[in-house]
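Open the model in your viewer and keep the selection panel at hand.

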Amino acid sequence: MLAADFSAARERIRAHILRTPLETSRTLSRLAGAKLHLKCENLQKTGSFKVRGALNRLLGLSAAERRRGVVAASAGNHAQGIAYAAGIAGVRATVVMPRTAAIAKVEATRGYGAEIVLAGGDYAAAFAHAAALARRRRALLVHAFDDEQVIAGQGTVALEILEQLPEVEVVVVPVGGGGLAAGIASALSTASPAVRVVGAQAELASTLRPSLRAGRRIEAPPSPTIADGLATSGIGVRPWRVLRRHLDRAVTVSEAEIAAAILLLLERSKLVVEGAGAVALAACLGPLRRSIAGRRVAVVLSGGNIDVNVLDRILNLGLAEQGRVFRFATVLIDRPGALAALADVIGRAGANIKQIHHDRGRVGVGVLETLVTVELETRGRDQVPEIVSLLRAAGYRLLR
Ligand SMILES: Cc1ncc(COP(=O)(O)O)c(C=O)c1O
């Protein structure tokens, strides 16, 4: 792709999207040991960068293509991007979403005016349905990442980063099918070739590293991950052509690291970011720490459409990863005051009881004993040894 493709995309979509802020954060920079700048595509129209590629594709259609309408398959953000873009371009859009898609995402997509078809149990099945539907209707199938115009649209994120931070040294990007990373890497390869581009994936959906190692696209079914936007079975053919040449490296992060990054963004930066959108920050705080030390890094927060129904579970996992939740069990003599005495030691340790479960008559626990499981809120990992030694000194045997 040429520099002109990206500047043309920028002009085409400019009036319909936001130039999202590039925020600094002292706390996150200190934690990462680098100068982090957060590219807030979670604040983009429709809640993700996907609207850029969708708009570039649909605003570039010929009159004949426009009349035929478009079909897309997506479990979330591409769906919303296409629906929104179709409204602006004046094109009829049908979006096939898997039956498992979050209700809120289905309703948001419908709200932008697209026709919704629910089909298949996962993205691959929804895509097959969408392809058949497009053939039947002679409509245009708009792929979420394997499409030059979509990639060019996503690449406009890089042009904005260069304007906002001309001295940027590294850009860290989440990778699903690779459209966003390919757009960014390709745009930077001509506009500012010294900038390094790093791709970040969830461990549970990570085909990029094995592909780079093998020198060819490797496919593998993804496992369910908090970063649901990245759960594809592999890198697209077109993104791969770019990434194999222009990507500096690829890293993966665990579910707990993603959850901790979501929690940090919420708590410290007041930013609501979905799993896929927090993967690049998780990479900066984890596997990339050494290589980005002291550097100016743009971290792409690619989306904010988190499913609020699972937010509490994600935040709890994040708290556990940060050591701010500590769970243990112990056996007490079953007599009045025993529980109060345990609570007293916990209080003296400065921890707060979140949950306590008192279980009499458990197999393996004596008749006059009771098993107590406790979940504590702590200041952080450093406080845990302090709590443990106070409990042990008071004579409690910790079971887990
Ligand atoms: C929030 C978010 N981030 C990142 C991605 C990955 O984009 P790509 O498939 O272009 O790699 C997606 C894809 O849906 C997404 O929704």
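**Stop 1: a loop residue**

Select Pro 221, which sits in the loop that connects helix H11 (208-214) to H12. The model is a predicted one. Is Pro 221 buried or exposed? Pro 221 counts as exposed because it has 12 C-beta neighbours inside 10 Å, and 12 or fewer is the cut-off for that class. Along the chain Pro 221 and Gly 234 are 13 residues apart, and their C-alpha atoms are separated by 8.0 Å.

**Stop 2: the sheet**

Switch to a cartoon view and find the open sheet of 6 strands, ordered E1-E2-E10-E7-E8-E9 with mixed pairing. Which strands stand at the edges? They are strand E1 (22-24) and strand E9 (249-253); each has a single partner strand, so one side of each lacks a neighbour in the sheet. On average, neighbouring strands of this sheet are turned by 30° against each other, direction ignored.

Next, select residues 170-174 and 196-202. These are strands E7 and E8, paired in the parallel sense over 5 bridges. Within this pair, look for Val 172, which stands opposite Val 198 in E8.

**Stop 3: the domains**

Colour the chain by the domain assignment: domain 1 is 3-49 + 149-320, domain 2 is 50-147 and domain 3 is 323-393. Between the C-alpha centres of domain 1 and domain 2 the distance is 23 Å. Their contact takes 33 residues from domain 1 and 25 residues from domain 2.

To see the domain 1 side of this contact, select helix H1 (3-13), helix H8 (148-154), helix H9 (156-164) and helix H12 (237-246), the elements that each give two or more residues to it. H8 provides the largest share, 6 residues. By residue class, the domain 1 side that touches domain 2 divides into 10 nonpolar, 18 polar and 5 charged.

**Stop 4: the ligand**

Centre the view on the ligand. How many residues surround the ligand? There are 22, and the closest are Gly 176, Gly 179, Gly 229, Ser 302 and Gly 303. The shell draws at least three residues from each of domain 1 and domain 2.

Then show helix H5 (77-89), helix H10 (179-191) and helix H14 (275-285), each of which supplies at least two residues of the shell. The largest share, 3 residues, comes from H10. Coloured by class, the shell around the ligand has 8 nonpolar, 12 polar and 2 charged residues.

Methods
Residues numbered from 1 in each chain as written. Predicted model: local features only at pLDDT ≥ 70, side-chain atom pairs only at ≥ 80, totals over all residues. Domains from an automatic or database assignment. Contact = placed C-beta atoms within 7 Å. Helix = DSSP H or I, 4+ residues; strand = E, 2+ residues; numbered from the N terminus. Nonpolar A, V, L, I, M, F, W, Y, C, P; charged D, E, K, R; others polar. Near = placed C-beta within 6 Å. Buried ≥ 20, exposed ≤ 12 C-beta atoms within 10 Å, placed from the backbone. Pairing = 2+ DSSP bridges. Axes fitted to C-alpha atoms, helices over the stretch in contact; angles between N-to-C directions.
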